[in-house]
Amino acid sequence: MKNKIKSVKGTYDLLPSEIYKWQEVENKLRSIFSLYNFLEIRTPIFEKSKLFSRSVGEFTDIVNKEMYSFLDKGKESLTLRPELTASVVRSYIEHNFQQISSIHKIWYYGPLFRQEKPQAGRYRQFYQFGSEIFGSAYPESDVELIDLAYTIYTKLGLKNWTLYINTLGKKENRNKYIEILKESLFPYKDKMCANCKNRFDKNILRLFDCKNSNCKKIMNEYAPLIIDHLSNDEKDYFEEVKSLLDQLNINYEIDPTMVRGLDYYTNMIFEIRSENLGSQDALCGGGRYNNLVEDLGGKFTPAVGFAAGMERLMIAMEKENLFKNESEELDIYIAIMNKNVRNKAMQIVKEIRNNGHSVDMDLQRRSVKAMMREANKKRAKYSIVIGENELQSGEVNIKTMESGKAKTVKIDKINDFLSV
Ligand code: ATP
Ligand code: MG
């Protein structure tokens, strides 16, 4: 026996026996995005590396540590996309979306790649769905987007989750706050963990995310909150978002320490967290990013978006028992007695499929008994055995698998039988 080749660490196979759950969720997602009149976009799996360093941010975990980058023919650095907003914005600019319409509502779905430590709910290839609204600087677009995410989890039947919101203010004001934060925390820098010391100068906001108990204590006691350093405009904006959410009966909590991991956010940010997921509990995260289109070379376009992980959603739904235990049924299984009838039987199979019924048949020339076991295993509604007698008489017995009852039907009437 030769050596087996195993899958790459942090990746997984979605097996045929499980895929129906994913398809069920994917179909629901598609229909909800349509209800909100979002259109789908599909962009390449890889992009130029600088797209992500310029948008996500040089000093974020994603760009700093997690990107799968490689040199294309030894020349240009390319990266397997670690997130999708940057790609969507690149496409928006490249295809002059702005000239087509002043507002665009877009959704996406696909695999992403991050070289992080694999653990429960954290993979190196994972799927996200998400959406973006380009062209509105008003709170109603924040709220339409949050409502969309909220509706998705509600309609999927998920119960144990909470929506958290916060605001980061605009860039200029945030930079002022960052200086205040640095001053307030500087006296305690030496007592922090190595990671926080490291992030202190480059990305101090992420100190709020540290799980180290000592760092947490320092942050709780000495870190001023951005929410107390907002301008009046920023406060008003956040108040308007909240009051619209209230009016739509969207329940939320304010998390004044939430900062999110990417650099490009401005003003409102939000996260949906599951109570069933342990430490990787974020199902979905997003916010407003008014400067990104301009930063990537487009015309100023305010925007807001979210991204949501599929795997964590599936784990949470599994924990709440939201999937039925079975995959789709097969309409009919056809057992072929011997080589004399094989050609004709295959024609019959094709004919039934052409009429829109799912059919499976024996491909291994086994005994009729083995084929009937197979029909059961495949959860066929009906089965037929085709032999010389059947072809001669032009009639078959269609057996209902559940009851074991059979009915004699003319071969050219099988489709009519299945259609009722
Ligand atoms: P986290 O702090 O949980 O790693 P993040 O801030 O890196 O999240 P985003 O980049 O905002 O996450 O991605 C949005 C969502 O994508 C997350 O809320 C999560 O559900 C999912 N996600 C992110 N990274 C992974 C991963 N490595 N494996 C599986 N899902 C992921
Ligand atoms: Mg992360």
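## A walk through the predicted model

Let us start at the surface, where Ile45, Phe46 and Phe70 make a nonpolar patch of about 260 Å². A patch here is built from residues with over 30% relative accessible area and no salt bridge, with nonpolar side chains (Val, Leu, Ile, Met, Phe, Trp, Tyr) joined within 5 Å and like charges within 9 Å. The areas come from the Shrake-Rupley method with a 1.4 Å probe, and for residues only the protein chains shown count as cover. A salt bridge is a side-chain nitrogen of Lys or Arg within 4 Å of a carboxyl oxygen of Asp or Glu.

A word on the ground rules: this is a predicted model, in which local features need pLDDT of at least 70 and side-chain atom pairs count only at pLDDT 80 or more, while totals for chains, interfaces and linings use all residues. Residues are numbered from 1 along each chain as its sequence is written, chains are lettered from A and ligands numbered from 1 in the order in which they are written, and side-chain values use heavy atoms, leaving out hydrogens and water.

With a relative accessibility of 46%, phenylalanine 46 counts as partly exposed, the class between buried (under 20% relative accessible area) and exposed (over 50%), using a 1.4 Å probe and protein chains only.

Two strands count as paired if DSSP finds at least two bridges between them. Strand 3 and strand 4 (residues 76-80) share five bridges in the antiparallel sense, and leucine 71 stands opposite serine 77 in strand 4.

Another open sheet has eight strands, in the order 1-5-6-11-10-9-7-8, and its pairing is mixed. Its edges are strand 1 (39-40) and strand 8 (253-254), each pairing on one side only. Further in, seven bridges link strand 7 (residues 161-167) and strand 9 (residues 268-274) in the antiparallel sense, with tyrosine 164 opposite glutamate 271 in strand 9. Strand 6 (residues 125-134) holds tyrosine 127, which is partly exposed at 22% relative accessibility. The C-alpha atom of tyrosine 127 is 5.3 Å from that of glycine 110, though 17 residues separate the two along the chain.

Now for the domains, whose bounds come from an automatic or database assignment. Domain 1 covers 16-170 + 231-319, and domain 2 covers 330-419; their centres, taken over C-alpha atoms, are 49 Å apart. Helix 12 (residues 310-319) is mostly covered, with seven of its 10 residues buried, among them Met310, Leu313 and Met317. Just after helix 12, asparagine 321 takes a positive phi of about 55°.

Our last stop is strand 14 (residues 380-386), which is largely enclosed by the rest of the structure because five of its seven residues are buried. Strand 14 pairs with strand 12 (residues 330-336) in the parallel sense over six bridges, and here isoleucine 332 stands opposite tyrosine 382. Strand 14 also runs antiparallel to strand 15 (residues 395-400), joined by two bridges; in that pairing, serine 383 has lysine 399 as its bridge partner.

Key. Helix = DSSP H or I, 4+ residues; strand = E, 2+ residues; numbered from the N terminus.
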